[in-house]
Amino acid sequence: MAVIKAGSSLVLMPLLILVVLTACSVSAAVLPQDRADIMYHRYEGGGVSIDGPALMLRKKASDTLALSAYYYVDTVSGASIDVVATASAYTEKRNEARFGIDYLAGDSIISINYAQSDENDYNAKSMSFGIAHDTFGGMTTLSMEAGMGDDDVSRNGDDSFKANVRRFNYKLGWSQILSSNWISAINLQLDQDEGFLNNPYRSVRYRDASQALGYGYQSEIYPATRNAVAVALVNKVYLPYRAAVTLNLRHYQDSWDIRAFDAELEYVHPLGANWILEAKARFYSQNQADFYQDLFEFKDQQNYMARDKELSEFSNLTIGLGASYQLAAWSFWPQVAPEVTLQWDHIRFDYANFRNVTVTSAEAGLEPLYQFDANVFRAFFSLYF
């Protein structure tokens, strides 16, 4: 069970890259290129390490049908600050498999995807259906997607605990070629979650003068529903010397009163015939959920109570670098183009109202604010054929 949502979400970046690669199949009425990828990723930060391999394969079965599949493994070990405060360090593994079908029908691509993720205390299944249609001579692409998920939650050491989460999401997209070197897109996503939405291991703390540290712990209590909307604007400009600049802006708001904004600027620069260099900077900021507090005044103070640092007010800054190198074609398989890619992200997290309770010398509620640095490494070996 993910007690380290920040770390998990960051390690999911390489997974998201694979998802994006898959999602590209619905961005234009052309089936994507056949390719196979092997990836290794590693995240280190906040006392936690997450690593594992991933495999992806995408292949056309005919001129109008393409199949894709990937397998992804997360191994989580260590002890985040949540665990240090209330539990013991742990190691767990998550396996995820995904299968997809893309069907080309005229100027439209119809896509169906199924995914399943398994941990020892969390199992998730999801399915989505999407369609993208090119119009106005291919200058405009309209897309829509609907998905649903069914998650089963359990708790290690407690066979009596069983819970369920149902997830629904809807996406609309509009991509527009504005000129020979400028593409813009706007995407809207709606999410609806219902069921057991908190972590069964996490606790909140409240003032208790009878305790040595001045506070005690009780389990978190979350609302059973969460609705969210996110709007993203993407602009990509191609420069005369084959380079490209991309600016992503995104706003998020949900029914827990969290409002978030992130902006990412990416620059891609070719170097010679074989190298592609990348650099990016991303800033993210959010306010707190309306039922979050670092330290409650007394036990059972509110109907809903949370101390998940991902529901607090925080920001992070990411600096990333990457390089891809196209290898020479193999004599025994000349139609294949092999490529190696290395990527590194450094992320700085700063929490505005989540305090470091491992500092026990300070008065309760006056501990230093929590912050940490994380690094994400990814290595790809890709074959295009």
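For a chain of 385 residues, a compact globule would have a radius of gyration near 21 Å, and this chain has 23 Å, which agrees. That radius is taken over C-alpha atoms, and the globule rule is 2.2 Å times the number of residues to the power 0.38. This is a predicted model, where local features need pLDDT of at least 70, side-chain atom pairs count only at pLDDT 80 or more, and totals for chains, interfaces and linings use all residues. Residues are numbered from 1 along each chain as its sequence is written, and side-chain values use heavy atoms, with hydrogens and water left out.

Along the principal axes, the C-alpha atoms fill a box of roughly 75 × 40 × 40 Å. As for burial, 44% of the 385 residues count as buried, meaning under 20% relative accessible area with a 1.4 Å probe, protein chains only. Among contacts in the chain with a separation of 6 or more, 61% join residues 24 or more positions apart; a contact is heavy atoms within 4.5 Å.

Now the secondary structure. The chain has two helices and 18 strands, which are DSSP runs numbered from the N terminus (helices H or I, at least four residues; strands E, at least two).

Let me take E17, residues 337-355. E17 pairs with E16, residues 314-326, in the antiparallel sense over 13 bridges; pairing requires that DSSP finds at least two bridges between the strands. In that pair, Tyr 325 stands opposite Val 340 of E17. E17 also pairs with E18, residues 369-384, again antiparallel, over 15 bridges. There, Asp 350 has Gln 371 in E18 as its bridge partner.

Methods. Buried < 20%, exposed > 50% of the residue type's maximum accessible area, 1.4 Å probe, protein only.
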